[in-house]
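Here is a short briefing to read alongside the model. Have the structure open and follow the topics in turn.

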Amino acid sequence: MKKFVETLMELKSTAAFIFAGQIMVFSIVQMGQGLGELPLARVWQSLAIAVITALLQYVCFSDAVIHRMRYALRILLFSVPMLLLLMGFAFAFQWFPTDSAAAWAIFAGIYLFVLGALTTAFEIYFRLTGKRYQQRLETFRSEKK
């Protein structure tokens, strides 16, 4: 039960960060287009996407569901369904003119750019964190001798 509650809290935190980020991006785009306030429907869409994304991240990037999978495969396993999810929302809620091939190309380009930027940022963070923990472990081992 404790592990379930911990996992639920982790999912809630992840979904909250994703939701906050989406609302900031949508608000900036909305203001940039001179449209004023963010529609309530877009807020609900963002909440649904945030919850689904948090669950997808948990499935793809934790060892709780998928064991011993290379990180590149995990990214692929996450990114394809995520793109399909966003495309489904974009189409269903008419985020842009869905009959325009150029609009879809721009949408896919933005998705790939954001995916690449976030993947790179996480890779840098994990490498720096790993080096820091490795240094602490070496210090601990040297003091123990």
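The largest pocket is lined by 42 residues, and Ile18, Gln22, Leu86, Val114 and Leu118 lie nearest its centre. A pocket here is an open set of points on a 1 Å grid over the protein atoms alone, where a 1.4 Å probe fits, with protein on both sides within 12 Å along at least five of seven lines; lining residues have an atom within 4 Å of a point. Please keep in mind that this is a predicted model, in which local features need pLDDT of at least 70 and side-chain atom pairs count only at pLDDT 80 or more, while totals for chains, interfaces and linings use all residues. Residues are numbered from 1 along each chain as its sequence is written, and side-chain values use heavy atoms, with hydrogens and water left out.

**The largest pocket**

- Its volume is about 1,800 Å³, counted as the space filled by probe spheres set on grid points that are joined across faces, edges and corners.
- Two or more lining residues come from each of α1 (2-32), α2 (40-61), α3 (71-92) and α4; helices are DSSP runs of H or I with at least four residues, numbered from the N terminus.
- Helix α4 gives the most to this lining, with 13 residues.
- By type, the lining holds 30 nonpolar, 10 polar and 2 charged residues (nonpolar: Ala, Val, Leu, Ile, Met, Phe, Trp, Tyr, Cys and Pro; charged: Asp, Glu, Lys and Arg; polar: the others, Gly among them).

- Gln22 lies in helix α1 and is buried, with a relative accessible area of 16% (buried means under 20%, exposed over 50%, partly exposed in between, with a 1.4 Å probe and protein chains only).
- Beyond its neighbours within four places in sequence, Gln22 is in contact (heavy atoms within 4.5 Å) with Ser46, Leu47, Ile49 and Ala50.
- Ile49 in turn touches Gln22, Met82, Leu85, Leu86, Phe89 and Trp95, not counting residues up to four places away in sequence.

**Nonpolar cores**

- The largest nonpolar core has 18 residues, of which Ile49, Met82, Leu86, Trp95, Phe96 and Phe107 touch the most other members; such a core is a set of buried Ala, Val, Leu, Ile, Met, Phe, Trp, Tyr and Cys residues joined through side-chain atoms within 4.5 Å.
- At least two residues of this core come from each of α1, α2, α3 and α4, and the largest share, 6 residues, comes from α3.
- Apart from this core lies another, of 6 residues, among them Ile18, Ala50, Ala54 and Tyr58.

**Ala117**

- Ala117 lies in helix α4 (residues 101-144) and is partly exposed, with a relative accessible area of 38%.
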